[in-house]
Amino acid sequence: MNTDIGLSARLERISTDGRYLIVPMDHGITLGPVTGLVDIESTIDGITRGGADAVLTHKGTAPRVHPNKNGKGYIVHVNGSTVIGPDENDKRLTGTVEDALRVGADAVSFHINVGSDYEPDQMTQLADLCSRAADFGVPVLAMSYARGPGIDEQDPEALAHAVRLAEEVGADVVKTAYSGDAESFGRVVEATRLPVVIAGGSRGTDRETVEMVRGTMDAGAAGVSMGRSIFQHENPEAITRAVSAVIHDDADADTALERAGLGIEA
């Protein structure tokens, strides 16, 4: 069986012309039922109408995803932890490739904290996941962060190491933190041949969000996997539309904000 065909087809379902606007909403395990996730159905409907290529949740919320994603892609996350547990960096397995396929996913994702005490186990689990996913032609999005004692989580050298690790163990797309500017993030992008997408982190202003995305794309990245900055926005559809304008239409920040009806912030 040629699993490369399946891999290519599924990558196309979670992207547009090789660019990615993914909205992760797996935070219900990490943070609980926060704003934007209580009525996750409406949030998913809005962001997919706004131009998101794919949404990402844990397997249990799949029944709430499919009726509301407007034909867009779906990714199932397969590990997690909570902020009220002993250590948030200790991500534990919550699903398998087979689980993801059973609930209609197009891809799976896995979080690894490179440099943490849990890196060895997480690296092994990610490598095993990539091997199993390859059996079915299922793409793996590795959320590969530089996190651990004494590590600067925005250091481009540490981030470059994290994204290269994802390629070395067999991932297909890699997500990491933004280093803060296009020039330094360019070194991160150059560290791998995988498509690189950035995390959004905690929510900033609309302009800060869009300018970060603009810098990401200027660095040669493939897009974003942006959660709270989108799903906790007062108008998730509008901010998604602004981010999409940068990623998919190569718009500048002012144009993107205007097109989304968000105005021009000082």
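**Phe185 and the fold around it**

Leaving aside neighbours within four places in sequence, Phe185 is in contact (heavy atoms within 4.5 Å) with Thr176, Ala177, Tyr178, Ser179, Val196, Ile198, Thr216, Ala219 and Ala221. This is a predicted model: local features need pLDDT of at least 70, side-chain atom pairs count only at pLDDT 80 or more, and totals for chains, interfaces and linings use all residues. Residues are numbered from 1 along each chain as its sequence is written, and side-chain values use heavy atoms, with hydrogens and water left out.

Phe185 also belongs to the largest nonpolar core, which has 84 residues. Such a core is a set of buried Ala, Val, Leu, Ile, Met, Phe, Trp, Tyr and Cys residues joined through side-chain atoms within 4.5 Å. Met25, Leu126 and Phe185 have the most contacts inside it. Buried means under 20% relative accessible area (1.4 Å probe, protein chains only). Of the 266 residues, 55% count as buried.

Now take the secondary structure. The protein has twelve helices and ten strands, assigned as DSSP runs (helices H or I, at least four residues; strands E, at least two) and numbered from the N terminus. Helix H3 spans residues 40–50. Its buried residues are Ile40, Thr43, Ile44, Gly46, Ile47, Thr48 and Gly50. Their cover includes strands E1 (20–24) and E2 (54–57). Helices H4 (62–65), H10 (228–231) and H11 (236–249) are also among the covering elements. Gly51 follows H3, with a positive phi near 120 degrees.

Finally, the whole chain. Among contacts between residues at least 6 apart in sequence, 67% join residues at least 24 apart. The C-alpha trace spans about 45 × 40 × 40 Å along its principal axes.

Methods
Buried means under 20% relative accessible area, exposed over 50%, partly exposed in between (1.4 Å probe, protein chains only).
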